[in-house]
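Thanks for taking a look at this one with me. Here are a few notes to read alongside the model, in the order I would go through them.

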Amino acid sequence: MPFLQHLSDFAIEGVVSSKPGEVKTALPSAVVYSSLEEALNSRQFDLVVITTPNHLHASQSLLALEHNSHVLVEKPFTLSVTDAKHLVDVAHAKKKQLCVFHNRRFDGDFLTLKQLIEQGKLGDIKRFESRIDRFRPIPRNRWRENKGSGSGIFWDLGPHLIDQALELFGKPTAVSASVVEVINIIETALKASQEERKLLLN
């Protein structure tokens, strides 16, 4: 939202939200809708920005395209290659722009690294390792961290790392990966630690 408010070429005409009071405080002139369907059926929007939970990205992007709107969707684009390809085909058929928003492309450290690589100042790179550290032993009770389709740290922060690697080095010739769920291990360790403290206190 701050980007759109800063750019004079854009005006935020409507917002889909379950918290209309908060929206009105931030955007007094915007119409608040209870669903995307209601918004798209009420008027024609030039651009629809989708920042909903990940599992809704594909269906909501498709709905916006079908209503002849350009679409900017938060990463991850979709949860499957099939959905992604279908959306691209629909966008081409409708002659609409369909873009995925990766805000970490504009981080200062990443832009500096990209410039150094382009200038050849880092030599012939053989290995690139990137990570985002987060210490949160107990997940927050929100969709990003609760179990479910498109949730979890991989879908939340993983797209940034993958996108940055593609931006720096281009399309890979091969890909291999391993994804491990560690939350149960952490929960078990925390419970064991709590039991040990109880025994010591007793």
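Predicted model: local features only at pLDDT ≥ 70, side-chain atom pairs only at ≥ 80, totals over all residues.

1. Residues are numbered from 1 along each chain as its sequence is written, and side-chain values use heavy atoms, with hydrogens and water left out.

2. For an overall picture, 22% of the 202 residues count as buried (under 20% relative accessible area; exposed is over 50%, and partly exposed lies in between, with a 1.4 Å probe and protein chains only). The accessible surface comes to about 14,500 Å², with 55% of it belonging to carbon and sulfur atoms; the areas come from the Shrake-Rupley method with a 1.4 Å probe, and for residues only the protein chains shown count as cover. Of the contacts between residues at least 6 apart in sequence, 51% join residues at least 24 apart, a contact being heavy atoms within 4.5 Å.

3. Next, please look at helix α4 (residues 57-66) and helix α5 (residues 81-94), whose axes come within 10 Å and cross at roughly 10°. This makes α4 roughly parallel to α5 (angles under 35 degrees count as roughly parallel, over 145 as roughly antiparallel, 65 to 115 as roughly perpendicular and the rest as oblique). The axes are lines fitted to C-alpha atoms over the stretch in contact, with angles running from 0 to 180 degrees between N-to-C directions.

4. Which residues of α4 and α5 make the contact? From α4 come A58, S61, L62, L65 and E66, and from α5 come D83, H86, L87, V90, A91 and K94. By class, the contact has six nonpolar, two polar and three charged residues.

5. P76 sits in the loop between β4 (70-74) and α5, and the peptide bond from K75 to P76 is cis, with omega near -10°. K95 lies in the loop between α5 and β5 (98-101); its phi is near 60°, a positive value in a residue other than glycine. K95 counts as exposed because its relative accessibility is 72%.

6. Is N68 exposed or partly exposed? With 35% relative accessibility, N68 counts as partly exposed. N68 is in the loop between α4 and β4, and its phi is also positive, near 60°.

Conventions: Helix = DSSP H or I, 4+ residues; strand = E, 2+ residues; numbered from the N terminus. Nonpolar A, V, L, I, M, F, W, Y, C, P; charged D, E, K, R; others polar.
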